[in-house]
Amino acid sequence: MIYDISVAIHKDMIVYKNRDKKKPRFKQSATFEANGVYETDICMNLHTGTHIDFPLHTIKDGKTSNKQDLSTLIGPATVYDMMHLDEKITADDLKDLDIKKGDFILFKTKNSLDKTFNFEFIYVDHTAAKYLAERKVRGVGIDALGIERAQPDHPTHDTLLNQDIIILEGINLSMVKADSYTLYCLPLKIENVEALPVRAILQK
Ligand SMILES: [Zn+2]
């Protein structure tokens, strides 16, 4: 069984804080009438929809997409149900979970039910990021376009990215239950960038 936990990219999709400049723009660059074939140009921010962040996103001179080891983007993952939380995920919310070294942690929250951008989206706070980093997880995914908000100096990003822990943002987990899966989230091979859209799927 395969679950597509990616969000669709289209011109009216949900974008961060509803900012117009974050919306992808599509333009026909060839048409059958003029060119005999059909082609489309796309212009979009790399943090559009389902994507991973590389260290350069929040750390000056940090690692880019060139340095990502693909073997970390395929492998075991666990979905944890955090639907009971209303604001954020803290270390306290994780302490009773059996979080294993090398696992890719995916948080299913109420965000997965949002139909419009929610300015109060549930996020991973800095205490949870530290807790996960100490457990040496492989990656952390959240069903919001950002893994954090309302934290000066983005400590959640820095804590995870400093330890080469992958941040997967903008997934949708409404159709999957808390369980263990195999995750695939492979980006295009675009060089020297700070983030890349991925097609993220879970296999059971
Ligand atoms: Zn991002």
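In helix α4 (residues 155-162), the buried residues are Thr156, His157, Thr159, Leu160 and Leu161, where buried means that 20 or more other C-beta atoms, placed from the backbone, lie within 10 Å of a residue's own. Helices (H or I, at least four residues) and strands (E, at least two) are DSSP runs, numbered from the N terminus. The model is predicted, so that local features need pLDDT of at least 70 and side-chain atom pairs count only at pLDDT 80 or more, while totals for chains, interfaces and linings use all residues. Residues are numbered from 1 along each chain as its sequence is written.

The buried residues of α4 pack against β4 (51-53), β8 (123-124), α3 (126-134), β9 (139-142) and β10 (166-169), and α4 is followed by Asp164, which has a positive phi, near 60 degrees.

The axes of α3 and α4, lines fitted to C-alpha atoms over the stretch in contact, come within 8 Å and cross at roughly 10 degrees. Because angles under 35 degrees count as roughly parallel, α3 is roughly parallel to α4. On the α3 side, His126, Ala129, Lys130 and Ala133 meet Pro155, Thr156, Thr159 and Leu160 of α4, contact requiring C-beta atoms, placed from the backbone, within 7 Å.

Leaving aside neighbours within four places in sequence, Ile52 is in contact with residues including Ile166, Ile167, Leu196 and Val198.

Terms used
Contact = placed C-beta atoms within 7 Å. Buried ≥ 20, exposed ≤ 12 C-beta atoms within 10 Å, placed from the backbone. Axes fitted to C-alpha atoms, helices over the stretch in contact; angles between N-to-C directions. Parallel < 35°, antiparallel > 145°, perpendicular 65-115°, else oblique.
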